[in-house]
Amino acid sequence: MFSFRNDYSELCHENILKKLAENNHAQFDGYSDDVASKRVISQLKTILDNQDVDIHFLSGGTQTNLVAISTILKPYQGVIAADTGHIATHETGAIEATGHKVITVKAENGKIKPYMIKSVIDEHYSDDSREHATQPAMVYISNPTELGTVYTRDELADLKTICKAYDIPLYMDGARLAQVLANKDTNISLKDLPNLCDLFYIGGTKNGALFGECLVISNENYKKDFRYNLKQRGALLAKGFSISLQYEALFEDDLYIKLGAKSNKNAKYIADELKKLNIKFLVPVESNQLFPILDNKLIEKLRKEYLFYTWQIIDENNSAVRLCISWDTPNEIVKKFIEDVKKYI
């Protein structure tokens with residue numbers, strides 16, 4: 001039984017195990033105030049081509065979203081997100097639990113468009129009784145989106161422009177950022193992101209790390225006292241070096257991009273082969289998540305050998321499933337999956 005349920009089922013890339021083993025008996029100061037964390041932060045600033053950003057290491061994506069959003073918003077403010085966005089659908093109300101409303105908009109293939117942001121904000125400020133409503137004060141996106149679609153550099157620039165016009169921050173969840181960077185059609189590099197986003201994170205958990213995310217804050221307005229909220233939210237890890245060392249391994253010899261490219265390549269192979277069988281998709285395949293629409297009988301046969309999620313019921317005979325391709329998914333498994341589809345179809 002092989003799992004296509006997610007891209008974090010495997011422990012971690014062997015280079016990370018090696019890096020941790022090499023440093024296993026070293027002693028480090030706590031709370032990311034150690035020589036390793038400082039070294040890695042300096043390396044990442046060079047990669048980002050920006051010495052002014054602040055960098056923080058956190059343990060997971062939901063925690064990162066919660067801390068970032070709750071630090072920036074005032075008590076009466078909320079965050080705009082796609083109706084399919086992770087903070088709106090798969091974080092058990094973590095943002096709402098901090099007292100901040102998630103203001104959802106109907107997305108287009110998982111994406112927020114500038115006119116959606118404008119509509120929400122204009123509607124709020126045109127209301128004479130707006131003080132009785134949650135004030136929209138931030139925009140959250142994930143790239144790739146929850147549906148695996150990607151924002152291009154131009155699309156991010158357009159979002160940044162509208163956010164700047166309304167003086168609100170753009171925050172990008174980068175849980176699967178490696179897949180965006182590896183997709184050349186996006187025209188995005190890490191160096192672009194400090195200018196395109198007020199804050200974003202470089203995801204590790206879903207791209208070969210044992211655990212951990214790397215939050216980057218580029219807007220000066222949100223840097224001061226950020227560590228206070230990190231501590232209060234239980235996110236200021238005593239062993240911060242356990243994450244920073246992993247990022248050192250991930251960014252040696254472009255490993256981070258290579259792992260994203262591998263998962264994208266295997267996802268594209270599956271997509272191309274399924275299209276040859278006249279199988280349609282819920283949304284375009286642009287990263288490592290695929291949403292093919294399959295006959296329910298075929299789905300049941302495939303479930304005997306593969307684990308995956310049913311994402312959306314299309315009609316009484318067909319459903320869209322999600323296949324999530326990992327950085328470690330073997331090429332032979334990908335080929336076998338296609339062979340089994342052909343066998344059962």
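This dialogue covers how to read some features of the predicted model above.

Visitor: What kind of model is this, and how are residues numbered?

Guide: This is a predicted model, in which local features need pLDDT of at least 70 and side-chain atom pairs count only at pLDDT 80 or more, while totals for chains, interfaces and linings use all residues. Residues are numbered from 1 along each chain as its sequence is written, and side-chain values use heavy atoms, with hydrogens and water left out.

Visitor: How many cavities of 30 Å³ or more does a search of the whole structure find?

Guide: On a 1 Å grid over the protein atoms alone, a cavity is a set of points where a 1.4 Å probe fits but cannot get out; a pocket is an open set with protein on both sides within 12 Å along at least five of seven lines; lining residues have an atom within 4 Å of a point. Points are joined across faces, edges and corners, and a volume is the space filled by probe spheres set on them. Here the search finds 1 cavity of 30 Å³ or more. The largest cavity has a volume of about 50 Å³.

Visitor: Which residues line the largest cavity?

Guide: The lining consists of Ala82, Thr84, Gly85, Gly110, Tyr140, Ile141, Ser142, Thr145, Glu146 and Tyr151. Helices (H or I, at least four residues) and strands (E, at least two) are DSSP runs, numbered from the N terminus. Strand 5 (residues 135–142) supplies the largest share of this lining, 3 residues. The cavity lining has 4 nonpolar, 5 polar and 1 charged.

Visitor: What volume does the largest pocket have, and which residues lie nearest its centre?

Guide: The largest pocket has a volume of about 400 Å³. Of its 19 lining residues, Asn183, Asp185, Lys268, Val285 and Glu286 lie nearest the centre. Helix 12 (residues 255–276) gives the most to this lining, with 8 residues. By type, the pocket lining divides into 6 nonpolar, 5 polar and 8 charged.

Visitor: Why is helix 11 described as largely enclosed by the rest of the structure?

Guide: Helix 11 (residues 241–250) is described that way because 10 of its 10 residues are buried. Among them are Phe241, Ile243, Tyr247 and Glu248. The cover over the buried residues of helix 11 includes helix 1 (14–22), helix 2 (35–48), strand 2 (54–58), strand 7 (199–203), strand 8 (213–217) and helix 12.

Visitor: Which residues touch the most other members of the largest nonpolar core?

Guide: A nonpolar core is a set of buried Ala, Val, Leu, Ile, Met, Phe, Trp, Tyr and Cys residues joined through side-chain atoms within 4.5 Å. The largest has 53 residues, and Ile112, Ile117 and Ile202 touch the most other members. Not counting residues up to four places away in sequence, Ile117 touches Ile80, Ile112, Val139, Leu159, Ile162, Cys163 and Ile168. A second, separate core of 27 residues includes Ala68, Leu215, Ile217 and Phe226.

Visitor: How many disulfides are there?

Guide: A disulfide is a pair of cysteine sulfur atoms within 2.5 Å. The count comes to 0. The sulfur of Cys163 is too far for a bond, because the closest cysteine sulfur, in Cys197, is 9.3 Å away. Cys214 is in no disulfide either, as the nearest cysteine sulfur, that of Cys197, is 14 Å away. Cys163 is buried at 0% relative accessibility, and Cys214 is buried with a relative accessible area of 0%.

How values were computed
Nonpolar A, V, L, I, M, F, W, Y, C, P; charged D, E, K, R; others polar. Buried < 20%, exposed > 50% of the residue type's maximum accessible area, 1.4 Å probe, protein only. Contact = heavy atoms within 4.5 Å.
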